[in-house]
Amino acid sequence: FVGGLEPGSSYQKDIDYITIASTGAAQDFGDLTIERLDAETVCNGSRLVTYAGSVPSPTNGVNTMDYITIASTGNAQDFGDAQHLNNGRAAAGDSTTRGVFMGGRNQPSPSNISTINYITIATLGDTSKFGDLTASKRFIEGTSNKIYAFCCGGYTSSNQDVIEYVNIATEGNGVDFG
């Protein structure tokens, strides 16, 4: 679990973890490089990458990407930069090779994003353009099955119920799923 917001509007940089095979409370893993909330994550089983998120003023959005190695606790390190100062809950999905980030909200002028960006999780670097969603939107939920990444719902100028998907291995635009 990465970042968050404490009661009283204190942004967090905590990274916590649980051991799925046993019950118990979350434990401290380390810290993100900056305090934030609404960051998206992708993972290839060995490395977890945290993408953008909301931060306190002045811009309210960041393009920071951090990574951790899952097998060992410790603080996050710089991975690279996202294309946008994104604080609008982009959708994220991953395969064993790539992570994709779809949509969100660009700062400082809050405008919805239609861009789909990707990273190669095993190598450090900035995002690259993958394609575009069918509409610019923010506050989206994402999931994947390691082959397809899904962008579910979101907000344009009203709430949306559209699901789009992309094949993570091949760059291209979002396709209507239903």
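Two strands are taken to pair if DSSP finds at least two bridges between them, and strands themselves are DSSP runs (E, at least two residues) numbered from the N terminus. The structure is a predicted model, in which local features need pLDDT of at least 70 and side-chain atom pairs count only at pLDDT 80 or more, whereas totals for chains, interfaces and linings use all residues. Residues are numbered from 1 along each chain as its sequence is written, and side-chain values use heavy atoms, with hydrogens and water left out.

With these criteria, strand 1 and strand 2 pair in the antiparallel sense over four bridges, and Glu6 has Ser10 of strand 2 as its bridge partner. Three strands, in the order 1-2-3, make up an open sheet with antiparallel pairing. Strand 1 (2-6) and strand 3 stand at the edges with a single partner strand each, so one side of each is left without a neighbour in the sheet. From one strand to the next, the twist averages 50° (axes are lines fitted to C-alpha atoms, and angles run from 0 to 180 degrees between N-to-C directions). Ile18 is placed in the loop between strand 2 (10-17) and strand 3 (27-31), and at 42% relative accessibility this residue counts as partly exposed (buried means under 20% relative accessible area, exposed over 50%, and partly exposed in between, with a 1.4 Å probe and protein chains only).

A second open sheet comprises four strands in the order 13-14-15-16, again with antiparallel pairing. Here strand 13 and strand 16 (175-176) stand at the edges, each with a single partner strand, so that one side of each is left without a neighbour in the sheet. Strand 13 (residues 141-144) is joined to strand 14 (residues 148-152) by four bridges, and Cys152 in strand 14 is the bridge partner of Glu141. Strand 14 also pairs with strand 15 (residues 163-167), over five antiparallel bridges, with Ile163 of strand 15 as the bridge partner of Cys152. The hairpin of strand 13 and strand 14 has three residues between the strands, and within this hairpin Lys146 takes a positive phi near 75°.

Lys146 also takes part in a salt bridge with Asp94 (2.5 Å, N to O), a salt bridge being a side-chain nitrogen of Lys or Arg within 4 Å of a carboxyl oxygen of Asp or Glu. This pair links distant parts of the chain, with Lys146 in the loop between strand 13 and strand 14 and Asp94 in strand 8 (residues 91-94), 52 residues apart. Lys146 is partly exposed at 42% relative accessibility, whereas Asp94 is buried at 10%. Across the whole structure the search finds seven salt bridges, including one between Asp66 and Arg36, whose closest N and O atoms are 2.5 Å apart. Because Asp66 lies in strand 6 (residues 62-69) and Arg36 in the loop between strand 3 and strand 4, the pair ties together parts that are 30 residues apart in sequence. Both Asp66 and Arg36 are buried.

Cysteine pairs were examined with a disulfide defined as two cysteine sulfur atoms within 2.5 Å, and by this rule the count comes to zero. The sulfur of Cys43 is 19 Å from the closest cysteine sulfur, in Cys152, which is too far for a bond. Cys151 is likewise in no disulfide, the nearest cysteine sulfur, that of Cys152, being 6.8 Å away. Cys43 is buried with a relative accessible area of 18%, and Cys151 is buried with 0%.
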